[in-house]
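This report looks at one helix crossing and at pairs of aromatic rings. Please keep the model in view while reading.

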Amino acid sequence: MNRRNMLGLPLAIGAAVGLPAPARAQGVYPDRPIRLLIGFAAGGPTDIVGRRFADRLGAVLGQPVVVENRSGASGAIASVEVARARPDGYTLMLATSSSHAIYATLAVRPGFDPVADYAAVALIGVVPMVLGAHPAFAADLPEALGKIRASRGEIALATSGNGGIAHFAAELLLHQAGGLRANLVHYRGGGPAVQDAIAGHVPLVVETFATTLEHHRAGRLRILAAFAERRSAAAPDVPTAIEQGVPDMLANTYNALLAPAGTPAPVIAKLAEATAKVAAEPEFQAFLRSVSVEPTPDSTPARTAEFIRSERAKWEPIIRATGLRIE
């Protein structure tokens, strides 16, 4: 018997007596650390939520959940990597509207399909967009919209960047308020846009609750409206745009846990169950609200998938109407 046959003999014997080959043995999921990819830089809002969630998810699953930042292209770099990863439950991502609603529609070749390339696990939380104003400009949303209407497109409305969620939230507001026009001023980030609104260089700014709430509380900026279905528990004094007469004015970014398409159903179920336990923790819910994220403790894989589909469908006509495309 030659050496090749001798090396193959133990496997042949194992197969003959019904013993599993060592290479095919599988432990109970998870049996090693899990990677959680975040498509934005460390220290940003998505990263802050992702790291706290990863810590709690790892504690529930009994394995470390290691955060890896893959910043760039509005989260698309991380999205492509996860879409191409082995569908075994050990590579996950925290998706946002920037990647799965905005970039996936703006880009001619995004490199991933925001629905078909992923298995939804859970929606962790939603971050409503808001309209902020310099305190001297307007006392409420109707007054601000009246001034925009009277200015015939001259009033400046700041956003955190051309082609981002704040940009399209501003476009949606103008559309839903009756086809108004404004001078959209796009900054390189939400911080500079908010600071210029506080300084009075621009009268209005569309941004997230997270970047405006402390300024609102300090009186430096007045949040005129939240683009949400209901008032935030973190700021119950801020009315929604809907209750102030702007129908269907809903705009947010979100944090959704996704796995590659083809991940086995039992693995998705295990992840969803563990995420539900984390989401039900009062301490985790309090943390989310402290960073202006509205928890979604009743999330399921099916509801998450439908949410991502509906968000993309909502933004697509708004994006197409601007004529913006990323080649």
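Does Phe53 count as buried or exposed? At 1% relative accessibility, Phe53 counts as buried, where buried means under 20% relative accessible area, exposed over 50% and partly exposed in between, with a 1.4 Å probe and protein chains only.

## Basis

This is a predicted model, in which local features need pLDDT of at least 70 and side-chain atom pairs count only at pLDDT 80 or more, while totals for chains, interfaces and linings use all residues. Residues are numbered from 1 along each chain as its sequence is written, and side-chain values use heavy atoms, with hydrogens and water left out.

## Aromatic pairs

The count comes to 5 aromatic pairs, taking rings of Phe, Tyr and Trp (its six-membered ring) with centres within 6.5 Å, and calling planes under 30 degrees apart stacked, over 60 edge-to-face and the rest tilted. Among them, Tyr29 and Tyr90 are edge-to-face, at 5.1 Å centre to centre and 70° between the planes. Tyr29 is buried at 12% relative accessibility, and Tyr90 is buried at 9%.

Phe53 and Phe284 form a tilted pair, with 6.3 Å centre to centre and 50° between the planes. The two residues are 231 residues apart, Phe53 in helix 2 (residues 45–61) and Phe284 in helix 10 (residues 282–290), with helices taken as DSSP runs of H or I, at least four residues, numbered from the N terminus. Phe284 is also buried, at 3% relative accessibility, and ring pairs link Phe53, Phe284 and Phe287 into a cluster.
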